Amino acid sequence: MMAELMVLIYRYIFLLLDSLYTMTTAAHARLGYRTYRSSWRSFAGIGSNLLTRAFAQAGRSFDAMEARGYDGEIRFLEREKPVKGLHVVWSAGMLAATALILMLERGVL
Amino acid sequence: MKATPLLELRHVSYSYDKDRPALRDVSAAICPGERIAVLGNNGAGKSTFFLCCNGILRPQKGTVYLEGKTVTYQKQQLLRLREVVCLVFQDPDDQILASTVEAEISFGPMNLGLGIPQVSRRVEEALESMDLQEYRARPPHYLSGGEKKRVTIADILAMKPRLILFDEPTSSLDPQNTARLQQILGELSGRGMALMVATHDIEFAYAWARRVLVFHQGKLLADCSPREVFSNEALMEQVGLKKPILYAVSQAICAAKGVSLPRVLPKTIEEFPTFYKEMSE
């Protein structure tokens with residue numbers, strides 16, 4: 001469940017940022033950031049717009065998922081990714097670092 | 001046609017809010033292998049019609065039949081409907097939800113409950129048909145508009161439907177990608193799939209479609225051949241459609257020569273010189 005949410009969040013963060021960027025550019029193009037006051041007004045407008053857009057997007061995306069037979073569970077084909085030596089070294093290093101920090105914090109060393 | 005239609009809508013109505021019906025008493029039957037263009041202005045009901053065809057919207061009135069059987073909107077039946085009738089959304093960003101192209105294409109087949117090897121094979125085939133092999137591990141947000149469109153079509157191909165609905169597929173594409181899409185549509189009908197394309201591109205509809213549905217204010221005003229639609233001046237006026245240039249030119253030439261329109265008219269610019277020569281003789 002968490003993993004599915006992560007997948008969706010990862011995908012939609014980009015859409016959200018894209019909307020944010022477009023709207024900010026549009027506000028700049030109309031001198032929305034000329035003064036301190038107008039900056040705040042633009043910021044507020046973009047914020048509320050982003051919220052309504054996100055809701056609309058959620059509705060459309062849900063329709064699109066249903067159209068492809070979504071039944072409450074998100075399933076993708078997972079590629080088997082072979083573990084490389086470098087991965088092992090990295091995770092061992094991270095683990096060791098965590099252990100070290102823990103020991104320092106607890107005053108074991 | 002005597003064969004059982006793949007999908008049939010009878011007297012279907014749908015409204016998002018009470019005062020403004022989006023679809024009014026629409027009846028249409030779609031047979032295997034057909035090439036249908038759906039014309040109409042913005043808000044004419046094309047998208048609502050598509051959403052009803054695919055079971056996303058349940059009509060408030062009327063019935064939908066899949067291969068002759070009434071759709072009752074139970075879970076199993078809906079799944080079956082969506083396996084046979086698939087919809088390519090207008091905006092790829094509405095449809096794409098995975099973080100790699102490959103995972104994205106696998107979403108549909110996984111939902112059909114296929115085994116992993118079969119899903120794998122279908123993803124592979126879909127990647128190949130849309131020429132996307134080198135993009136398989138890419139995140140969709142780094143693709144261009146045309147590439148995203150191809151991903152959304154691959155999504156649907158992997159489900160192996162018998163009828164594909166395209167909601168304004170060319171609206172966000174440049175001319176080159178539009179030409180490519182038309183080629184893809186040609187290939188798909190070559191494989192015997194029924195295709196229904198909502199579009200504002202009159203020239204495309206004239207060249208490609210064998211049958212045209214015209215929507216206006218939620219009603220299905222015409223369901224006939226492209227030629228019948230474009231020769232119906234009153235209808236064109238009412239709906240605000242323009243004639244395809246090739247059709248208008250052919251008409252003008254025949255009028256100048258004082259002959260009636262021949263049975264076969266040029267549908268593409270390549271066919272035009274032959275027609276012109278014949279007319280000049």
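This is a predicted model: local features need pLDDT of at least 70, side-chain atom pairs count only at pLDDT 80 or more; totals for chains, interfaces and linings use all residues.

Mentor: Let's start with burial: a residue is buried if 20 or more other C-beta atoms (placed from the backbone) lie within 10 Å of its own, exposed if 12 or fewer, and partly exposed in between. Residues are numbered from 1 along each chain as its sequence is written, while chains are lettered from A and ligands numbered from 1 in the order in which they are written.

Now find B:Glu67, in the loop that joins β4 (61-66) to β5 (69-70) of chain B; strands (E, at least two residues) and helices (H or I, at least four) are DSSP runs, numbered from the N terminus. B:Glu67 is not a glycine, yet its phi is positive, about 45 degrees. Most residues other than glycine have a negative phi. B:Glu67 counts as partly exposed because 14 other C-beta atoms lie within 10 Å.

A:Leu31 is exposed because it has 10 C-beta neighbours inside 10 Å.

In all, 21 residues of chain A are in contact (C-beta atoms within 7 Å) with 27 residues of chain B. On chain A's side, α1 and α2 each give two or more residues, and α2(A) gives the most, with seven. That side has eleven nonpolar, two polar and eight charged residues. As for confidence, chain A averages a pLDDT of 89, and 99% of its residues score at least 70. The lowest mean in chain A, 88, belongs to α1(A), and the highest, 93, to helix α3 (residues 85-106).

Back in chain B, the domain assignment, automatic or from a database, gives domain 1 (7-240) and domain 2 (244-281). B:Glu67's loop falls within the bounds of domain 1. The centres of the two domains, taken over C-alpha atoms, are 32 Å apart. Six residues from domain 1 and seven from domain 2 make the contact. On the domain 1 side, α8 (202-208) and α9 (226-231) each supply at least two residues, with α8(B) giving the most, four.

Terms used. Two residues are in contact if their C-beta atoms, placed from the backbone, lie within 7 Å. pLDDT is the predictor's confidence in each residue, from 0 to 100. Ala, Val, Leu, Ile, Met, Phe, Trp, Tyr, Cys and Pro count as nonpolar, Asp, Glu, Lys and Arg as charged, and the others, Gly among them, as polar.
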